[in-house]
Amino acid sequence: MSVTGLCQICERNEAEHSCPNCGTLACEEHWDEANGLCAQCAATIQRGGDEGTVKPDDLDDDEVMRF
Ligand SMILES: [Zn+2]
Ligand SMILES: [Zn+2]
């Protein structure tokens with residue numbers, strides 16, 4: 001999959017990826033391969049981290065059955 005245009009983060013390098021989360025075009029330098037996101041989104045999820053994540057233990061049995 002090829003992306004045409006400049007990286008929207010540095011606006012200098014040619015974009016290699018398109019972020020599936022925010023749609024930002026990112027060059028190799030501003031692409032987080034591990035997360036499959038642009039550097040901006042990768043930074044956001046790393047900072048936000050565990051907050052807001054529902055753990056299985058928080059669900060009672062009825063909730064689990066629906067999955
Ligand atoms: Zn860039
Ligand atoms: Zn993004």
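User: How much accessible surface does the chain have, and what share belongs to carbon and sulfur atoms?
Analyst: About 5,300 Å², with 46% of that belonging to carbon and sulfur atoms. Accessible areas come from the Shrake-Rupley method with a 1.4 Å probe, and for residues only the protein chains shown count as cover. Keep in mind that this is a predicted model, where local features need pLDDT of at least 70, side-chain atom pairs count only at pLDDT 80 or more, and totals for chains, interfaces and linings use all residues. Residues are numbered from 1 along each chain as its sequence is written, chains are lettered from A and ligands numbered from 1 in the order in which they are written, and side-chain values use heavy atoms, with hydrogens and water left out.

User: What percentage of the residues count as buried?
Analyst: 24% of the 67 residues. Buried means under 20% relative accessible area, exposed means over 50%, and partly exposed is in between, with a 1.4 Å probe and protein chains only.

User: OK, and what's the secondary structure of the chain?
Analyst: Two helices and four strands, running β-β-β-β-α-α from the N terminus on. Helices (H or I, at least four residues) and strands (E, at least two) are DSSP runs, numbered from the N terminus.

User: On to the metals. Which residues coordinate the zinc ion (ligand 1)?
Analyst: C7, C10 and C27 through SG, plus H30 through ND1, at 2.0 to 2.4 Å. Donors are N, O and S atoms within 2.8 Å of the metal (3.2 Å for Na, K and Ca); water is not among the atoms, so sites may look incomplete. Along the chain, the spacing of these donors is C-x2-C-x16-C-x2-H.

User: Why is the arrangement around the zinc ion (ligand 1) tetrahedral?
Analyst: Because its four donor atoms subtend angles of 97 to 120°. Four donors count as tetrahedral if all angles lie between 85 and 135 degrees; four count as square planar and six as octahedral if opposite donors are over 155 degrees apart and all others between 65 and 115; anything else is irregular.

User: Is C7 buried or exposed?
Analyst: Buried, at 1% relative accessibility. C27 is buried too, at 2%, and H30 counts as buried at 18%.

User: What about the zinc ion (ligand 2), which protein donors does it have?
Analyst: C19, C22, C38 and C41, each through SG, lying 2.3 Å from the ion. Their spacing is C-x2-C-x15-C-x2-C. The arrangement is tetrahedral because the four donor atoms subtend angles of 106 to 115°.

User: Where do C19 and C22 fall on accessibility?
Analyst: C19 counts as buried at 3%, whereas C22 is partly exposed at 41%.

User: Which residues make up the largest nonpolar core?
Analyst: There are six: C19, A26, W31, L37, C38 and C41. A nonpolar core is a set of buried Ala, Val, Leu, Ile, Met, Phe, Trp, Tyr and Cys residues joined through side-chain atoms within 4.5 Å. In soluble globular proteins, nonpolar side chains tend to be buried together.

User: What does W31 touch?
Analyst: Leaving out residues up to four places away in sequence, W31 touches H17, S18, C19, P20, A26, G36, L37 and C38. Contact means heavy atoms within 4.5 Å.

User: S18 is on that list. Where is S18 found?
Analyst: In strand 1, residues 17-18. S18 counts as partly exposed at 30% relative accessibility. Its contacts, again not counting residues up to four places away, are V3, G23, T24, L25 and W31. S18 and C38 are 20 residues apart in sequence, with 7.5 Å between their C-alpha atoms.

User: And D32, which strand does it lie in?
Analyst: Strand 3, residues 31-32. D32 counts as buried at 18% and touches L37, C38, A42 and Q46, with residues up to four places away not counted. Its C-alpha is 9.2 Å from that of A43, eleven residues apart along the chain. A43 itself is in helix 1, residues 39-48, and is partly exposed at 29%.

User: Last one: what is phi of E11 near?
Analyst: Near 55°, a positive value in a residue other than glycine. E11 sits in the segment before strand 1 and is exposed, with a relative accessible area of 59%.
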